[in-house]
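Hi everyone, thanks for coming. Please get the picture up on your screens, and I'll walk you through it step by step.

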There are 2 protein chains.
Amino acid sequence: MNTQTQNAFRALADPTRRDIVLMLASEEMTIGQLTDRFDMTRAAVKKHLTVLSDGGLITVEARGRERINRLEPMGMAPVLDWLSYFDRFWDDRLANLKKAIEGNQK
Amino acid sequence: MNTQTQNAFRALADPTRRDIVLMLASEEMTIGQLTDRFDMTRAAVKKHLTVLSDGGLITVEARGRERINRLEPMGMAPVLDWLSYFDRFWDDRLANLKKAIEGNQK
DNA sequence: TCGTCGTGATACCAAATGGTTTTATATTAA
DNA sequence: TTAATATAAAACCATTTGGTATCACGACGA
């Protein structure tokens, strides 16, 4: 019943949202700036941002009439953690990964 | 446009499907065996298995009238690969992970 | 102060999603 | 051969999802 894990997986399931995450990895952006880069309305982008926020993948800061959207990289931790269960199926080089993630997880 | 990445993310977005993946990590199972472990019809489980198969996360082998469903761990590689882009946001221990995955990706 | 700019929120819509029931088909067992 | 088993496939349904258009509102600038 880990809703954090579920919300993060759900947020990453949509290609537009993954693109947003990649864009925010380069620089923080307002909704308007993000909308300029997509062929959809501001309202649609806003909905995606809400899902990303629910998934813990971004944070939003109000600045005047603007809203600054920033990547929250640690929001991906639940996803990586879930995936790390399967490390044993890959080769030994990947075993290090699991330990690294677990060490990073709080 | 990477449909493999999209299909894998989509497949993992549903909690029932993630549970199936975990179950198949322990042992291969027929649809009937999987259905016994869920509170839903065989048809519903079958639909989830189709999505998982589309995502490259399982393989199905016909054996008589049964269908053996097996985990395909490398199906998660596109997901891990996408996520590895964000390694730079975590601490240095995670840098190893990225290299490991990339080495594994052929 | 007054218009405009950036955003939030709501109502609405078509399509996708996760489920069921029903019908059909191939394989196995008696 | 016949009945039971394991699955497939299709029709159907309610809800969710990804999008639009519209309206409301606080913040800024002239």
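Before we look at any neighbours, one definition: a residue is near a strand when one of its heavy atoms lies within 4 Å of that strand. Please also keep in mind that this is a predicted model.

Let's start with chain A on its own. Chain A has six helices and two strands. If you follow the sequence, the pattern reads α-α-α-α-β-β-α-α. Of its 106 residues, 49% count as buried. Now take the contacts in chain A between residues at least 6 apart in sequence: 48% of these join residues at least 24 apart.

Here is a helix to find on your screens. Why is helix H5 of chain A, residues 77–84, largely enclosed by the rest of the structure? Because seven of its eight residues are buried. The buried ones in H5(A) are Ala77(A), Pro78(A), Val79(A), Leu80(A), Trp82(A), Leu83(A) and Ser84(A).

Which residues come nearest to DNA strand C? Out of 19 residues around DNA strand C, the nearest are Gly32(A), Arg42(A), Thr41(B), Lys47(B) and His48(B).

A polar backbone atom of Gly32(A) sits 2.8 Å from a phosphate oxygen of DNA strand C. From the other chain, Arg17(B) places a polar side-chain atom 3.2 Å from a phosphate oxygen of DNA strand C. Arg65(B) has a polar side-chain atom 3.0 Å from a base oxygen of DNA strand C. As for the elements that give two or more residues to this surface, chain A provides helix H3 (31–36), H4 and strand S2 (66–71), and chain B provides H4. H4(B) gives the most, with four residues. By class, the surface near DNA strand C has four nonpolar, five polar and 10 charged residues.

On to strand D. Of the atoms of DNA strand D within 4 Å of the protein, 71% are sugar or phosphate, while the rest are bases.

What does Thr41(A) do here? One of its polar side-chain atoms lies 2.7 Å from a phosphate oxygen of DNA strand D. Arg65(A) has a polar side-chain atom 3.3 Å from a sugar or linking oxygen of DNA strand D. With Arg67(B), a polar backbone atom is 3.5 Å from a phosphate oxygen of DNA strand D. The largest share of the surface near DNA strand D comes from H4(A), with four residues. By class, we find four nonpolar, five polar and 10 charged residues near DNA strand D.

One last stop, inside chain B. Helix H1, residues 3–12, packs against H4(B) at an angle of about 145 degrees, and the two axes are 8 Å apart. The crossing of H1(B) past H4(B) is left-handed. H1(B) makes this contact through Gln4(B), Asn7(B), Arg10(B) and Ala11(B), and H4(B) through Val51(B), Leu52(B) and Asp54(B). By class, that contact has three nonpolar, two polar and two charged residues.

Technical notes: Residues numbered from 1 in each chain as written. Chains lettered and ligands numbered in written order. Predicted model: local features only at pLDDT ≥ 70, side-chain atom pairs only at ≥ 80, totals over all residues. Heavy atoms only, no water. Polar contact = N/O pair within 3.5 Å; in protein donor to acceptor, adjacent residues only side chain to side chain. Nonpolar A, V, L, I, M, F, W, Y, C, P; charged D, E, K, R; others polar. Axes fitted to C-alpha atoms, helices over the stretch in contact; angles between N-to-C directions. Left-handed = near helix turned anticlockwise from the far one by under 90°. Contact = heavy atoms within 4.5 Å. Buried < 20%, exposed > 50% of the residue type's maximum accessible area, 1.4 Å probe, protein only.
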